[in-house]
Amino acid sequence: MGKGDLIRVGRGRYVLPQAEHSENLGLALVAAAVPRSIICLLSALGFHGIGTQAPQEVWIAVALGAARPRLDYPPVRVTLVSGPAFAYGVERHQVDGVPVRIYSPAKTVADCFKFRNKIGVDVAIEALREVLRAKRCTREELWAASKACRVTTVIRPYLEAI
């Protein structure tokens, strides 16, 4: 490679070979390629430092009815979300110079219970315990996110037990 060469990481996406990147480069690449998506579930847990999951793909939420993105790199797992649940709890962060939309810790935990059949109820319970233990969100924020995701009846027994 000569000076000034770029590394192709996907169709229309390149990075500088000497640039230093964070461990969240995959999130930045997906956010640049699919700007209307929101980082969710296991990827959001990893970004916020919640739990022990290390996702092999970038989990994104797209609005119900939107076209499913097709990316060759990094691998992407798409969840379809509709209505108020899609817009609730979105935070904006800069990752490697790219604006990335990521769900808040409370919304991410509520989503874990909503999509517990995809990621496992054990992951959802671990995330719930950790956000409350580490004070990443309050019970009120968690309850509001649960209402937005319509999982209050699912999450109530776990909240009462913890």
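How many helices and strands does the chain have? The chain has 8 helices and 7 strands.

## Model and conventions

This is a predicted model, in which local features need pLDDT of at least 70 and side-chain atom pairs count only at pLDDT 80 or more, while totals for chains, interfaces and linings use all residues. Residues are numbered from 1 along each chain as its sequence is written, and side-chain values use heavy atoms, with hydrogens and water left out.

Helices (H or I, at least four residues) and strands (E, at least two) are DSSP runs, numbered from the N terminus.

## Overall burial and contacts

Of the 162 residues of the chain, 42% count as buried. Buried means under 20% relative accessible area; exposed is over 50%, and partly exposed lies in between (1.4 Å probe, protein chains only).

A contact means heavy atoms within 4.5 Å. Among the chain's contacts with a separation of 6 or more, 53% come from residues 24 or more positions apart.

## Helix α4

In α4, 9 of the 10 residues are buried, so this helix is largely enclosed by the rest of the structure. The buried residues are P105, A106, K107, T108, V109, A110, D111, C112 and F113.

α2 packs on α4 at an angle of about 145°, with axes 9 Å apart. Axes are lines fitted to C-alpha atoms, for helices over the stretch in contact; angles run from 0 to 180 degrees between N-to-C directions. The α2 and α4 crossing is left-handed. That term applies if the near helix is turned anticlockwise from the far one by less than a right angle; clockwise gives right-handed.

From α2, L41, A44, L45 and H48 meet P105, T108, D111 and C112 of α4. The residues of this contact divide into 5 nonpolar, 2 polar and 1 charged. Ala, Val, Leu, Ile, Met, Phe, Trp, Tyr, Cys and Pro count as nonpolar; Asp, Glu, Lys and Arg count as charged; the others, Gly among them, are polar.

Helix α6 covers residues 121–133 and has 13 residues. From first C-alpha to last, α6 reaches 18 Å, close to the 18 Å expected at 1.5 Å a residue. The expected span is 1.5 Å times one less than the number of residues. After α6 comes K135, with a positive phi near 55°.

Buried in α6 are V123, A124, I125, A127, L128, E130, V131 and L132. Their cover includes α2 (41–48), α4 (105–114), α5 (116–119), α7 (139–149) and α8 (152–161).

α4 and α6 pack at about 160°, with their axes 9 Å apart. The two helices are therefore roughly antiparallel. Angles over 145 degrees count as roughly antiparallel, under 35 as roughly parallel, 65 to 115 as roughly perpendicular, and the rest as oblique. Their crossing is left-handed. V109, C112 and F113 of α4 make the contact with A124, I125, A127, L128 and V131 of α6. Its residues divide into 8 nonpolar, no polar and no charged.

## Two buried residues

S43 is found in α2. S43 is buried, with a relative accessible area of 6%. P55 lies 12 residues from S43 along the chain, and their C-alpha atoms are separated by 6.4 Å. Neighbours within four places aside, S43 is in contact with L27, P55, E57, V58 and W59.

F86 sits in helix α3 (residues 84–87). At 15% relative accessibility, F86 counts as buried. Beyond its neighbours within four places in sequence, F86 is in contact with R36, I38, A61, V62, A63, V81, R101 and Y103. F86 and L64 are 22 residues apart in sequence and 8.8 Å apart in space, C-alpha to C-alpha.
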